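Subject: Structure for your files

Hello,

Here is the structure you asked about. My notes are below it.

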Amino acid sequence: MTSHSTAGACVVALLALGNLSCRASHPSDAPKERTRVAVLKTLSGTVDVLHGGSIEWQPAKVGEVLWEEDRIRTFKGAWAQLAFEEGSTLRMEEESLVSLGGGVTVEHGAVEGELQGDLRLKTPALEAEPARDIVIQ
Amino acid sequence: MMRMFALSISTFSLFLFATASAEEVPGDARTTVSIQVSEGGGTNVAVQSGALTVKAAGRSEKLKGGEGVHVDFGKMPRKAALLPAPRVLAPSEGQRIGSLRISVVWAGVKGAEKYRLLVSREARVANPIVEMISDQTKTQISVPAPGIYYFRVSAVAKGGLRGRASPVRRFAIDTTPPSLKAGKPEWK
């Protein structure tokens, strides 16, 4: 009985350690508590992603999934096209920084694109969202 | 007869009551927009199509296609009409060009400080291969290879607010040399 419980405790400890080590080495691979927001559809030049919970910027890859709390930056001469879950597309222009979560926050630089659904855009100065009309049907 | 008429009126009212409902629908399914943020946080928003609600400093502005707004950090939004689209003079729609270097010319727009030219392989000019800012109304661009290209030009107002984009125009680069004429030479 005692040997069983000791073995069980060892298994639990090993599993916990395995989980910890996975999280430590790939903080961005386990964003289970965060919402998927967009996919990086295309890019050109140097584009980096800072995944939520991480402290290190990583080179962005085409097809990479972007989650809430992620940040993306483009350098001189670079751009990135983001495709959002609800159908919006935004092109980040060179030397831009955006963060995701509760919409898209353009911290600096420029974005251009087509908004669909309720995608909210924010900057340090304003908030914007596609206008909706009240109609009687 | 009167009773029947009254009954049909009341039935019609009931039908109206049952079917009428206030519903929130998008003003336009797609809103095409550009947003520029300067180092100090000042923001320009230009709406090309659709409609956008902008909120800043407790005030809300609804923008429709052809309208824009400038907002400085902590200040009220200042609404402005976008500059009109420049009229593109060259190349003409569908023009075939035998060189990888092309001249693009457009008519000046009153109030424009500079112009923005985008050239792309895609008809929507979504992923431009050339993005150029110029204070002239004529520029030379180079494209990497023969093929079909699309471009559009917009004027940029003082302060950076982007104007309406010109309709997308297409040109074809064909650098194939003319075929040689085979046959017996004719002596003159």
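Predicted model: local features only at pLDDT ≥ 70, side-chain atom pairs only at ≥ 80, totals over all residues.

**The chains**

Chain A has 137 residues, of which 42% are buried. Among contacts in chain A with a separation of 6 or more, 41% are between residues 24 or more positions apart.

Chain B has 188 residues, and 37% of them are buried. It contains one helix and 16 strands. Its exposed surface comes to about 11400 Å², with 58% supplied by carbon and sulfur atoms. For chain B, residues 24 or more positions apart make up 51% of the contacts with a separation of 6 or more.

**The cores**

The largest nonpolar core holds 36 residues, and those touching the most other members are I72(A), F84(A) and V45(B). Strand β9 of chain A, residues 104-115, gives this core its largest share, four residues. Leaving aside residues up to four places away in sequence, F84(A) is in contact with V37(A), A38(A), L90(A), L100(A), V104(A) and L119(A). Another core, of 20 residues, lies apart from that one; its members include I97(B), I141(B), V143(B) and F171(B).

**A sheet in chain B**

I141(B) also turns up in a sheet, where it stands in β13(B) opposite I102(B). The sheet is open and antiparallel, with three strands of chain B in the order β8-β10-β13. Strands β8 (88-90) and β13 (138-142) are at the edges with a single partner strand each, so one side of each has no neighbour in the sheet. On average, neighbouring strands here are turned by 30° against each other, direction ignored. Five antiparallel bridges join β10 (residues 101-106) to β13 in chain B.

**Salt bridges**

Side chains of opposite charge can pair when their charged atoms come close. Over all chains, 22 salt bridges were counted.

- D70(A) and R34(A) form a salt bridge, with the closest N and O atoms 3.0 Å apart. D70(A) lies in the loop between β4 and β5 of chain A and R34(A) in the loop between α1 and β1, so the pair ties together parts 36 residues apart in sequence. D70(A) is buried at a relative accessible area of 0%, and R34(A) is buried at 8%.
- E61(B) and R59(B) form a salt bridge, again with 3.0 Å between the closest N and O atoms. E61(B) is buried, at 12% relative accessible area, whereas R59(B) is partly exposed at 38%.
- K79(B) and E67(B) form a salt bridge with the closest N and O atoms 3.7 Å apart. K79(B) is in strand β7 (residues 78-81) and E67(B) in strand β6 (residues 67-71) of chain B, so this pair ties together parts 12 residues apart in sequence. K79(B) is partly exposed, with a relative accessible area of 39%, while E67(B) is buried at 16%.

Which residues are linked in a network of salt bridges? They are R91(A), E93(A), E112(A), R116(B), E131(B) and R162(B).

Regards

Methods: Residues numbered from 1 in each chain as written. Chains lettered and ligands numbered in written order. Heavy atoms only, no water. Pairing = 2+ DSSP bridges. Helix = DSSP H or I, 4+ residues; strand = E, 2+ residues; numbered from the N terminus. Axes fitted to C-alpha atoms, helices over the stretch in contact; angles between N-to-C directions. Buried < 20%, exposed > 50% of the residue type's maximum accessible area, 1.4 Å probe, protein only. Contact = heavy atoms within 4.5 Å. Areas by Shrake-Rupley, 256 points an atom, 1.4 Å probe, with all protein chains shown as cover. Core = buried A, V, L, I, M, F, W, Y, C linked by side-chain atoms within 4.5 Å. Salt bridge = Lys/Arg side-chain N within 4 Å of Asp/Glu carboxyl O.
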